[in-house]
Amino acid sequence: MKKKYEKPVITKIETGFMNKFGSSPYYARKIRKDIDGITIDELVNKYGSPLFVISERKLRENYRKMYNAFASRYPNVQFGWSYKTNYLQAVCAILHQEGAIAEVVSAFEYEKARKLGIEGKDIIFNGPHKPIEILEIAAKEGAMINIDHFDEILDLEKVADKLGKQIKVAIRLNMDTGIHPQWSRFGFNLETGQAMDAVKRIAAGGKLILNGLHCHIGTFIIEPEAYAKEVEKMVKFAYEIENNFGFKIEYLDIGGGFPSKNRLKGTYLSPDVLIPSIDEYAEKITEALYSNLRPGDFPKLFIESGRAIIDEAEYLITTIFASKRLPDGRKAYIADAGVNLLFTAFWYKFNIEIDREVYGANEPSVIYGPLCMNIDVIEEGTSLPPLERGTRLIFSPVGAYNNTQWMQFIEYRPNIVMIMEDGTVEVVREKEDLTDIENRERLPEKLKIK
Ligand SMILES: *Cc1c(COP(=O)(O)O)cnc(C)c1O
């Protein structure tokens, strides 16, 4: 085959000096020929490109590691799987098998969990928008409802009237734990007294029974100490409630937000150096529990970790569709997947692996997706050797928030497969075609093209 001519450009070769953290700016890209023993070639030949690939083994491993970090330190731990992080049935089913209950944040997610076979009593219901119809169902089915605002208190009191019984509820708190920006739009603020006002309102109404506290301080929190603060404030508040209102706080739900080994844009350190281990979080959190709880008190500790469990268990295989040279001299590649499938590319710099040996000097390169959208950039600056058309790039970790926040814009969504622990490969979400997109459309008769 004749080699394609490419106009020569001058690029500054960076010599291989290590930076102060020991990694060379001019390192060779990692090669990945397989995922859990199944070759990239075999996967793409059979299921197409782009292709999301989930590892059952890695998912279970991550869950167990996290669960054990907490369960080995505190006797009353329950995980709730954060559906919005990845609500593929196969992913939820695995985590339910492992023992997690469901954590949902909308009517849609509530219905999804129920349809999968999860009972209401095993659903934690969070979120700022719970229409009264779904609140009534959730209350009837005994879900754990974490109230977000005063209007929800009023709605739940109406539901209690209608059902003719008191409803057990918890309130969501927001507070200062040293994390900025502080997430203050969800729940009741602790420091301003708003949370105490909510408790007073619930007590005065007499229709709801407060039996839990919830808080979720943010996502990708790289400071274990923030959770210690959160727990300390929650426990103190729980005792204040118990002492003054006669409610018994049976559970403390500390939310999720633990980071995965992903790299936030603008961070210089590698995730292996930057991200504390899950044991460090568990240690801080349980330490704060033991130093604030009265001896013998073991309220149930709910943990709603999403990202840290699923992110590293999923990969996206893409194919280089074309390349071009930008006016500023940089090399640009067009891949068959962009921000339509990798919504989180706006915040994260993924690990990029190549499916084959590539020879030639690295040069500054940009990776675009297939969209007719200027912002469709997966990687805006990295060193890559010259990649031929057809080269596969494997992006990771991509398990958190991409399969829920993706968008259909001008392209179909591709297959998602799972490599099972027994070495078989299962399609867990079939690629879309035109019928999926047009299913709900109606073309008025008089507009039909004859
Ligand atoms: C999104 C969310 C989670 C999960 O957050 P991660 O950062 O994925 O761990 C947990 N609880 C609530 C209330 C959430 O909104």
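Predicted model: local features only at pLDDT ≥ 70, side-chain atom pairs only at ≥ 80, totals over all residues.
Residues are numbered from 1 along each chain as its sequence is written, and side-chain values use heavy atoms, with hydrogens and water left out.

The protein contains 13 helices and 23 strands. These are DSSP runs numbered from the N terminus (helices: H or I, at least four residues; strands: E, at least two). The radius of gyration is 25 Å, close to the 22 Å that the globule rule gives for 450 residues, so the protein is as compact as a globular protein of that length. The radius is taken over C-alpha atoms, and the rule is 2.2 Å times the number of residues to the power 0.38. Along the principal axes, the C-alpha atoms fill a box of roughly 80 × 70 × 45 Å. Of the 450 residues, 49% count as buried (under 20% relative accessible area; exposed is over 50%, partly exposed in between; 1.4 Å probe, protein chains only). Among contacts (heavy atoms within 4.5 Å) between residues at least 6 apart in sequence, 69% join residues at least 24 apart.

The ligand is surrounded by 16 residues, each with a heavy atom within 4 Å of it. The closest are Lys84, Thr219, Gly257, Glu304 and Tyr401. The shell divides into 1 nonpolar, 10 polar and 5 charged residues. Here Ala, Val, Leu, Ile, Met, Phe, Trp, Tyr, Cys and Pro count as nonpolar, Asp, Glu, Lys and Arg as charged, and the others, Gly among them, as polar. Polar contacts are pairs of N or O atoms within 3.5 Å. The side chain of Thr219 places an N or O atom 2.5 Å from a ligand oxygen. A polar side-chain atom of Thr85 lies 3.3 Å from a ligand oxygen. For Glu304, a side-chain N or O atom is 2.6 Å from a ligand nitrogen. The protein covers 95% of the 390 Å² of accessible area that the ligand has on its own (Shrake-Rupley method, 1.4 Å probe).

Tyr401 also has a positive phi, near 70 degrees. Tyr401 lies in the loop between β21 (392-396) and α12 (402-405) and is buried, at 13% relative accessibility. Asp36 has a phi near 45 degrees. Its loop runs between β2 (34-35) and β3 (38-39). Asp36 is partly exposed, at 27% relative accessibility.

A cis peptide bond joins Ser49 and Pro50, with omega about 0 degrees. Pro50 is in the loop between α1 (40-47) and β4 (51-55). The bond from His180 to Pro181 is also cis, with omega near -5 degrees.

Notes. Polar contact = N/O pair within 3.5 Å; in protein donor to acceptor, adjacent residues only side chain to side chain.
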